[in-house]
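Have a look at the sequence and the model first, and then read on.

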Amino acid sequence: MFLKKMVSVMVLLLFVSNLAYAQITPEQQAVKEQGLVLYNQHKAISAVPFLTKAAEAGDQEAQFILGEALRKNNRYMTSEAHRWYVAAANQGDFYAMLRLSRESNDLCRVMNNCPSSTKTSEEWLEQTREMGAAQAKAGDSVGMYIMYLATGDLDWLEKSAEAGYPQAQRLLASRYREGKGFFILPWARQEAVEKWLKASAEGGNPRGMMEYVTVLYESGDMEGARHWIAQAAETGFEGAIVSYGAYLAHEPDKVG
């Protein structure tokens, strides 16, 4: 037990020290943001050179997104993608840890050419759970959300949503729509879906905004739908921009 606690402390210290190290210059930040724009426009190949510069400078987010771009370009986990996931994970990036924990389900496993690693998928998952649990215990909504992703326990997702994490609120609404969770009254499920989508939208999540637009549109609230689709488009979210343009171009205008 003592050894396990010491390992956990060492992991957290490594996380903090790496965060202190991973400071990038304004120029590198600008390059990173250009890479993120390209990646979010589904131009992963074009994004790689920009993300690489920021990743090599130690930026955790750039390292993870670069891993995603390389994996998606090749459609499986390559050694280069794996290297950047590990770099991000070693800085405490939960999403990189989760990606590494799911490597056994990657196409590279079928092709029998998965990159060699110092940790197994199970070890990465265990590290994710340990760090997520520590943050969740401290009341961190993101840690609770990560615990849901790492365990599949809906209770963690509900706790994260209750704690105010917009991404968890949107996902919880989706899970309720899929039939997850228990509701005594039949209409209470839809009420919960609408409640959490509204909360997610108000919290600034563009996907939550767009899903809430659908709810408002179906209920005939055109003023509300118009407001939230415009808000979502202003975040730069690609799907919202496309949908907003389509609504404006429609004759007659669907949202007034």
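## The overall picture

The chain has 15 helices and 0 strands. Keep in mind while you browse that this is a predicted model.

Of the 256 residues of the chain, 43% count as buried. As for how far contacts reach along the sequence, take those between residues at least 6 apart: 47% of them join residues at least 24 apart.

## Helix α6 and its cover

Let's start with α6, which spans residues 94-101 and is mostly covered, with 6 of its 8 residues buried. The buried ones are Phe94, Ala96, Met97, Leu98, Leu100 and Ser101. So what covers them? The cover includes α4 (60-74), α5 (79-89), α8 (121-137) and α9 (141-151).

At the start of α6, Asp93 is worth a click: one of its side-chain oxygens comes to within 3.0 Å of the backbone nitrogen of Tyr95.

## A closer look at Ser101

Ser101 sits in helix α6. Is this serine buried or exposed? Its relative accessible area is 10%, and the cut-off for buried is under 20%, so Ser101 counts as buried.

A polar atom of the Ser101 side chain lies 2.6 Å from the backbone oxygen of Leu98. Leaving aside residues up to four places away in sequence, Ser101 touches Ser121, Trp124 and Leu125.

## Helix α9

Next up is α9, another mostly covered helix, where 8 of the 11 residues are buried. Those buried residues are Ser141, Gly143, Met144, Tyr145, Ile146, Met147, Tyr148 and Ala150. Among the elements covering them are α6, α8, α10 (154-162) and α11 (166-177).

Both ends of α9 have something to show. Asp140 caps the N-terminal end, with a side-chain oxygen 3.2 Å from the backbone nitrogen of Val142. Just after the helix, Gly152 takes a positive phi of about 80 degrees.

## α3 against α4

Two packed helices are described by the angle between their axes and the distance between the axes. For α3 and α4, the angle is about 150 degrees and the axes are 9 Å apart. The cut-off for roughly antiparallel is over 145 degrees, so α3 and α4 are roughly antiparallel to each other. Their crossing is left-handed.

On the α3 side, the contact is made by Ala44, Ile45, Val48, Leu51, Thr52, Ala54 and Ala55. From α4 come Ala62, Gln63, Ile65, Leu66, Ala69, Leu70 and Asn73. By class, the α3 and α4 contact has 11 nonpolar residues, 3 polar ones and no charged ones.

## α12 against α13

Further along, α12 (residues 186-202) packs on α13 (residues 206-218) at an angle of about 135 degrees, with the axes 8 Å apart. That angle makes α12 oblique to α13. The crossing of this pair is left-handed.

Which residues of α12 and α13 meet? Glu194, Leu197, Lys198, Ser200 and Ala201 in α12 meet Gly208, Met209, Glu211, Tyr212 and Val215 in α13. The residues of this contact divide into 5 nonpolar, 2 polar and 3 charged.

## Loop residues with a positive phi

Most residues other than glycine have a negative phi.

His42 has a positive phi of about 65 degrees, although it is not a glycine. You'll find His42 in the loop between α2 (26-40) and α3 (44-56). With a relative accessible area of 64%, His42 is exposed.

Arg75 is not a glycine either, and it has a positive phi of about 70 degrees. Arg75 belongs to the loop between α4 and α5. Its relative accessibility is 67%, so Arg75 counts as exposed.

## One last stop: Gln34

Gln34 lies in helix α2. Its relative accessible area is 41%, which means Gln34 is partly exposed.

How far apart are Gln34 and Phe50 in sequence and in space? They are separated by 16 residues in sequence, and their C-alpha atoms are 6.8 Å apart.

Conventions:
Residues numbered from 1 in each chain as written. Heavy atoms only, no water. Buried < 20%, exposed > 50% of the residue type's maximum accessible area, 1.4 Å probe, protein only. Helix = DSSP H or I, 4+ residues; strand = E, 2+ residues; numbered from the N terminus. Contact = heavy atoms within 4.5 Å. Polar contact = N/O pair within 3.5 Å; in protein donor to acceptor, adjacent residues only side chain to side chain. Axes fitted to C-alpha atoms, helices over the stretch in contact; angles between N-to-C directions. Parallel < 35°, antiparallel > 145°, perpendicular 65-115°, else oblique. Left-handed = near helix turned anticlockwise from the far one by under 90°. Nonpolar A, V, L, I, M, F, W, Y, C, P; charged D, E, K, R; others polar.
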